[in-house]
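Please keep the sequence and the 3D view at hand while going through the numbered points.

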Amino acid sequence: MDSAIIIETVRSVVASSTPLVFAGIGELLTERSGITNLSLDGSILLAAMAGFAMAYVSGSLLLGFALAMLVGALIALVVAASSIYLYQDQVAVGLVLTLLMADVSSFVGLRYVRLPGPSVPSLSIPGLSALPWVGTALFSQNLLVYLSYLLVLGVWIWLYRTQPGLRLRSIGERPEAAFARGIPVNRMRMVYTGIGGALVGLAGASYSLCVKLGWSHNHTAGMGWIALAIVIFGGWHPFRVALGAYLFGALKSLGSLMQPVYPSVPTQVFQAAPFALMIVALLLVAGDAAAIERRLPARLAPLVRAVFQHGTPAGLGRRFEQG
Amino acid sequence: MNTRSAWTRLALGVAPFALTLATTAAILMAMGENPLEAYANLIGGGFESWAKVADVAISMVPLMLASAGMLITFAAGLWNIGVEGQMVAGALLTTWVVQAIEAPSAVMLPLTILAGLAGGALWGVLIGLLRTYGRVNEIFAGLGLNYVGFALTNYLIFGPWKPPGGATMSGTEPFPRSAWMPLIGSTRASWLALLLAVVAILIVYVILRDTRWGLTLKAIGLNATAAYRMGVDTRRHVIFALMACGALAGLGGSLQTTAIYHRLIPQITGGNGYLAQLVVLLSGLRAQWVPLVVLYFSAVQVGSPRLELRMLLDSSLGGVLQGAVVLFFLLVNGFRQRVGLRDR
Amino acid sequence: MKIEIQGINKSFGAVQANADVSVTVASGTIHGLLGENGAGKTTLMRILSGYLQADSGEIRVDGGRLELHSPADAIGQGIGMLHQDPLDVPALSVLDNFALGLHRGFWQRRGRIQRTFFNLCRRFGVQLQPEDRVGNLTVGERQQLELVRLLALGVRVVILDEPTTGISEPQKRLLFETLHRLAEEGLTVIFVSHKLEDVEMLCSVATVLRAGQVVGELRAPFDRERLVEMMFGRAVVAPPFASRCTTREALDIQSLVVESSRMRMAPASLKACAGEVIGLAGLEGSGQRLFMEACAGIRKAQSGHLVIDGVDLTNGRYRDYLDQGVAYVPASRLEEGLVRGLSVREHFVLARQRAGFLVDWEAAEQVASARIAEYSVVGTTGSRVEELSGGNQQRALLSLLPDSLKLLILDHPTRGLDLGSGIWVWQQLHERCLQGTVILFASTDLDELVDNSDRLLVFSGGKVSQPVASAEMSREELGFMIGGVNL
């Protein structure tokens with residue numbers, strides 16, 4: 001293939017994976033604090049609808065994104081609050097919200113189906129976009145993509161270089177110890193679940209206002225689940241989560257490139273492939289890293305660790321009763 | 001607050017429904033619609049005639065079967081999101097049997113039932129294997145396979161099983177009469193299908209209350225490590241639980257083809273697999289409450305298309321009414337626990 | 001700082017953990033708080049360090065009334081507690097744990113934190129690598145880290161809850177040395193323990209608690225008999241150990257190698273006779289648990305053989321082990337042994353009804369009520385297991401075991417039990433030996449090991465000693481072997 005085609009493919013993969021990066025990083029923050037927000041699939045749908053509707057009605061992209069983030073944050077807060085203050089199972093509430101929000105989006109969004117709406121404009125970064133190869137692929141994008149770069153880097157710095165980030169890691173790992181050190185565990189969990197939810201909402205609006213323009217029934221269905229799986233696949237690490245999102249986007253676009261090449265393969269294979277891929281990816285990371293490491297030559301150890309080591313926050317999904 | 005008094009309990013029991021009606025009314029009014037008109041249409045759509053009542057009854061069948069199955073996996077502490085796929089598998093295997101064999105009803109119907117049970121069970125086992133040996137959380141395994149199941153259905157409908165007149169979204173060719181579940185009079189409800197659903201829920205009730213297997217599953221759900229130490233083969237029973245659930249759900253899927261649509265259609269489950277999740281949560285994981293909850297869900301389900309016809313609203317209002325009740329049920333439960341704890 | 005605890009009351013449901021407790025701790029002393037399990041020591045200290053709120057009573061520090069609503073408040077007032085199970089974050093590094101809660105700035109400032117950390121470590125002779133994962137450290141090292149961390153926070157009162165339970169002899173000496181130095185520097189140390197010799201070695205004053213009440217206060221040098229009497233109220237004496245060992249070989253373990261993701265054990269061999277009791281000594285995490293799990297059939301062995309009564313069970317299915325009469329009683333009862341949420345009766349169905357499709361509730365009720373009466377479990381057959389007290393949970397676990405066993409494996413059989421319950425448990429176990437059951441048990445309590453077993457296997461960092469006769473071992477020798485010397 002021609003290098004221009006490759007660059008263009010990379011460019012579109014990065015752009016189309018951006019919502020998954022937002023959702024994945026958002027859920028990463030939430031889960032790092034110890035809360036599982038399983039409502040992603042529904043949240044993204046409703047946020048996509050709300051963001052589009054708001055942008056369509058007001059003509060302002062910014063208002064659209066703001067509403068989407070608010071919607072995402074509110075849904076996430078329902079999950080966190082019902083666990084922290086009302087003793088309910090996070091998984092149960094998350095799943096109910098997934099189903100409920102999908103229906104709410106269909107019901108409320110009926111009037112906005114298949115309307116032409118505003119979209120996020122492209123913006124090349126002067127200088128960087130002139131770089132050979134990566135310039136066009138990475139820096140001749142839209143604002144959301146640049147925002148996602150900053151987000152991934154920022155979350156990494158937050159987690160591993162700042163005191164609040166250290167506190168975040170501790171409340172998801174061992175809330176008792178965090179509490180003993182004066183950290184208000186449950187309040188922090190609410191805060192991070194809210195922030196995480198807002199990013200999930202941002203992901204929703206990124207679909208309807210940028211990557212997959214407009215609104216229709218079940219516009220983004222399935223993407224929330226993929227994002228949840230990517231967080232596990234990425235071992236709760238921002239770089240690996242982002243990598244997982246891009247990898248997924250790449251494999252998906254590989255599928256659409258293959259489709260015309262192999263017309264004999266039924267189209268349904270390509271429809272189901274992302275989800276089959278999700279299971280395979282989870283199978284891969286479910287392996288016992290230490291056991292695999294011991295059976296392979298020592299020089300492969302770093303590779304094994306990079307792929308298999310997963311830092312499931314030890315306090316994930318566990319309520320914490322303070323005092 | 002005294003959480004024990006009968007009035008309080010009644011109020012807390014009604015609260016989820018009241019809150020649901022209030023919130024949906026608020027949404028409807030914000031959209032400029034009359035909520036009373038919408039509710040009237042919903043109820044009318046479900047109960048205005050005996051034919052409608054029969055529709056509600058038959059649409060209860062797959063949901064009841066899926067819910068019965070899910071009670072088993074819930075007992076074992078599993079989040080069986082894969083019920084949709086299990087229903088699909090039952091429907092697919094049933095369709096295959098119907099297409100492959102020509103036989104009178106007396107032979108065909110038992111075969112379709114068996115095919116439904118077997119298809120769902122196999123699908124359930126697949127999820128169980130992924131969960132136990134592959135260490136993939138059953139939520140993701142089940143969900144991923146749901147999508148695979150629907151893709152497989154589409155492939156079959158638009159490929160090998162397409163009707164002679166050409167493939168459409170309306171599905172395969174109608175089944176021969178020999179593969180139709182016997183109907184009650186001239187209604188669309190089948191007594192055999194209803195009987196199967198009732199028997200299934202009774203069996204599950206007994207299993208969970210009085211059998212060693214039921215107790216074993218409960219032990220696994222509450223503490224798998226301790227159960228294993230007591231000599232329970234946890235892996236095997238997790239797979240069995242998913243298999244049993246799959247069988248019941250698969251039968252539900254099978255009946256969607258033989259008792260409701262009389263053909264295979266693309267969205268053959270009608271979302272019943274996901275709804276079953278809500279049903280079981282709303283019934284507080286207790287089998288005896290499932291039929292009542294299913295009745296509510298099915299009435300809403302059958303009634304909601306009228307919203308599209310008469311008010312140009314989306315029928316997903318039905319889904320909102322179903323999901324919101326469950327959400328408020330959980331939240332009210334939590335509120336009750338919180339108040340109860342403060343009392344003590 | 002001088003601490004005056006005055007008239008503290010604290011109840012949990014019907015249980016009164018502290019009843020009108022008053023203790024005065026002078027500044028710059030090492031004050032012992034002595035009492036057996038369940039005496040209310042930990043509750044009192046959790047109140048003093050802000051984890052619990054007292055129902056009534058007050059605490060004064062240097063004359064001023066202390067108001068605590070959280071552990072952070074306590075630290076702010078200069079009171080820090082070191083918990084029996086170190087309250088740190090195992091997934092994080094040593095330095096991250098040290099830095100957590102240290103300052104309220106934004107950036108981590110790792111360089112500066114590391115310097116503070118090294119300074120403190122040097123001052124107290126502690127050797128810790130800042131980038132090690134805390135989960136990989138021994139309990140003793142984690143304690144050192146917590147102590148250093150509390151000191152960095154500027155605490156003036158250090159409370160240590162049973163700090164010598166999981167640590168080696170050299171670590172214990174280092175700890176005591178450090179505590180002495182802290183007291184010399186004017187810090188107040190409160191040392192909570194049920195071990196007389198530790199209190200004797202370390203403290204200048206000791207307050208004894210029993211059943212939630214203060215029984216009395218003694219000053220060093222202590223009158224040991226008086227202390228014992230105060231602790232237990234009566235002279236509690238365990239019947240002397242009488243070996244029930246026969247000459248029939250019932251257990252043959254040859255070069256068993258077990259590994260986990262964190263440790264690969266050196267080969268272990270053991271031949272035991274019917275009725276013999278083998279104690280597994282060693283610090284927690286030295287490999288006893290892997291060894292026991294392999295013997296119980298819960299964990300696969302990498303190599304070696306395990307023969308019970310002439311039947312080779314090596315790497316058989318767990319079910320085969322159970323059928324052969326092997327049973328394992330875990331230390332964490334509610335996590336691994338009992339199912340929270342199920343009743344005692346339901347446990348009997350699970351553990352003992354092996355046939356039939358339907359549950360025979362009547363038979364289960366009969367067996368359950370007979371057994372809980374026999375094992376004097378305080379509770380009914382319908383009680384959920386989590387409603388039972390720790391001692392009753394252990395009784396319930398033992399009552400669930402089959403009547404005849406060939407090999408019984410127990411992890412810390414008396415952990416968390418009061419002395420009387422502990423003695424009762426050992427009476428039951430020794431009776432089982434009469435029927436020819438081989439008992440393997442792990443404990444970190446040297447007295448329990450020496451007093452109850454025929455022979456000992458000593459574990460240290462994954463290495464295993466030859467079996468040694470416990471009658472020939474002194475506590476000191478054993479302490480050194482546990483530390484890895486002469487293994």
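Predicted model: local features only at pLDDT ≥ 70, side-chain atom pairs only at ≥ 80, totals over all residues.

1. Extent of the interface between chains B and A. Here 45 residues of chain B are in contact with 43 residues of chain A. The two chains bury about 3,700 Å² between them, and carbon and sulfur atoms give 79% of that area. On the side of chain B, the residues that lose the most area to chain A are B:Met31, B:Phe140 and B:Tyr147, which together account for 18% of what that side buries.

2. Four helices of chain B, namely α1 (6–30), α6 (138–158), α11 (272–282) and α14 (317–343), each give two or more residues to the side that touches chain A. Of these, α14(B) gives the most, with 15 residues. By class, this side of chain B has 31 nonpolar, 10 polar and four charged residues.

3. Extent of the interface between chains A and C. In this case 23 residues of chain A are in contact with 31 residues of chain C. The buried area is about 2,300 Å², of which carbon and sulfur atoms give 58%. In chain A, the residues A:Gln163, A:Arg174 and A:Arg181 lose the most area to chain C, together 32% of what that side buries.

4. The side chains of A:Arg169 and C:Asp96 form a salt bridge, with N to O at 3.5 Å. Nine residue pairs are in polar contact between chain A and chain C. The largest share of the side of chain A that touches chain C comes from α7(A), with seven residues. That side divides into 10 nonpolar, five polar and eight charged residues.

5. Nonpolar cores. The largest nonpolar core has 233 residues, and those with the most contacts inside it are A:Leu20, B:Phe297, C:Phe117 and C:Leu179. Helix α3 (residues 50–75) of chain B gives the most to this core, with 14 residues. Among the residues that C:Phe117 touches are C:Val94, C:Leu128 and C:Val148.

Methods. Residues numbered from 1 in each chain as written. Chains lettered and ligands numbered in written order. Heavy atoms only, no water. Contact = heavy atoms within 4.5 Å. Buried area = accessible area lost by both parts, 1.4 Å probe. Nonpolar A, V, L, I, M, F, W, Y, C, P; charged D, E, K, R; others polar. Core = buried A, V, L, I, M, F, W, Y, C linked by side-chain atoms within 4.5 Å. Buried < 20%, exposed > 50% of the residue type's maximum accessible area, 1.4 Å probe, protein only. Salt bridge = Lys/Arg side-chain N within 4 Å of Asp/Glu carboxyl O. Polar contact = N/O pair within 3.5 Å; in protein donor to acceptor, adjacent residues only side chain to side chain. Lists of a residue's contacts leave out its neighbours within four places in sequence.
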